[in-house]
Amino acid sequence: MKNKMIAFYLRLSLSDGDLGKDNKDESNSIENQRQLLQAYMDAQDDFDGEISEYVDM
């Protein structure tokens, strides 16, 4: 059986103001989205495949 490709699409909102502050190279919003998506995937038994991540900044 061929592995499935799973894509995470993370989007930075214009209202996110923490990018670049305190030497941050990633917004809290992006970080939180990634954690939520990963937690969701970890909780699913029927999803299996390679995860690619796309970030719109």
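This is a predicted model: local features need pLDDT of at least 70, side-chain atom pairs count only at pLDDT 80 or more; totals for chains, interfaces and linings use all residues.
**Entry 1: the overall layout**

I began with the chain as a whole. I found one helix and two strands in the protein chain. Next I looked up burial: of the 57 residues, 19% count as buried. I also noted the accessible surface, which comes to about 4,700 Å², with 48% of that belonging to carbon and sulfur atoms. Then I turned to contacts between residues at least 6 apart in sequence, and 61% of these join residues at least 24 apart.

**Entry 2: helix 1**

What span should helix 1 have, and what span does the model give? Helix 1 covers residues 28–43, which makes 16 residues.

Which residues of helix 1 are buried? I wrote down Ser29, Ile30 and Met41. Looking down the axis of helix 1, I saw that its buried residues fall within an arc of 100°, so they line one face of the helix. On the other side of helix 1, I listed Gln35, Leu36, Asp42 and Ala43 as exposed. I then asked what the buried residues of helix 1 pack against. My note says strand 1 (4–11) and strand 2.

**Entry 3: Ser52 in strand 2**

Strand 2 runs over residues 49–56, and Ser52 sits in it. Is Ser52 buried or exposed? Its relative accessibility is 17%, and buried means under 20%, so Ser52 counts as buried. I set aside its neighbours within four places in sequence and looked for its other contacts. Ser52 touches Met5, Ile6, Ala7 and Phe8.

**Entry 4: an aromatic pair**

My last look-up was for aromatic rings. A pair of such rings is described by the distance of the centres and the angle of the planes. How many aromatic pairs are there? I counted one aromatic pair. The rings belong to Tyr40 and Phe47; their centres are 6.3 Å apart and their planes stand at 50°, so I filed the pair as tilted.

I finished by checking how open each partner is. Tyr40 has a relative accessible area of 45%, so I marked Tyr40 as partly exposed. Phe47 comes out at 40% relative accessibility, and I marked Phe47 as partly exposed.

Note on methods: Residues are numbered from 1 along each chain as its sequence is written. Side-chain values use heavy atoms; hydrogens and water are left out. Rings of Phe, Tyr and Trp (its six-membered ring) pair if their centres lie within 6.5 Å; planes under 30 degrees apart count as stacked, over 60 as edge-to-face and the rest as tilted. Buried means under 20% relative accessible area, exposed over 50%, partly exposed in between (1.4 Å probe, protein chains only). Helices (H or I, at least four residues) and strands (E, at least two) are DSSP runs, numbered from the N terminus. Contact means heavy atoms within 4.5 Å. The expected span of a helix is 1.5 Å times one less than its number of residues. The arc is that of the directions from the helix axis to the C-beta atoms. Accessible areas come from the Shrake-Rupley method with a 1.4 Å probe; for residues, only the protein chains shown count as cover.
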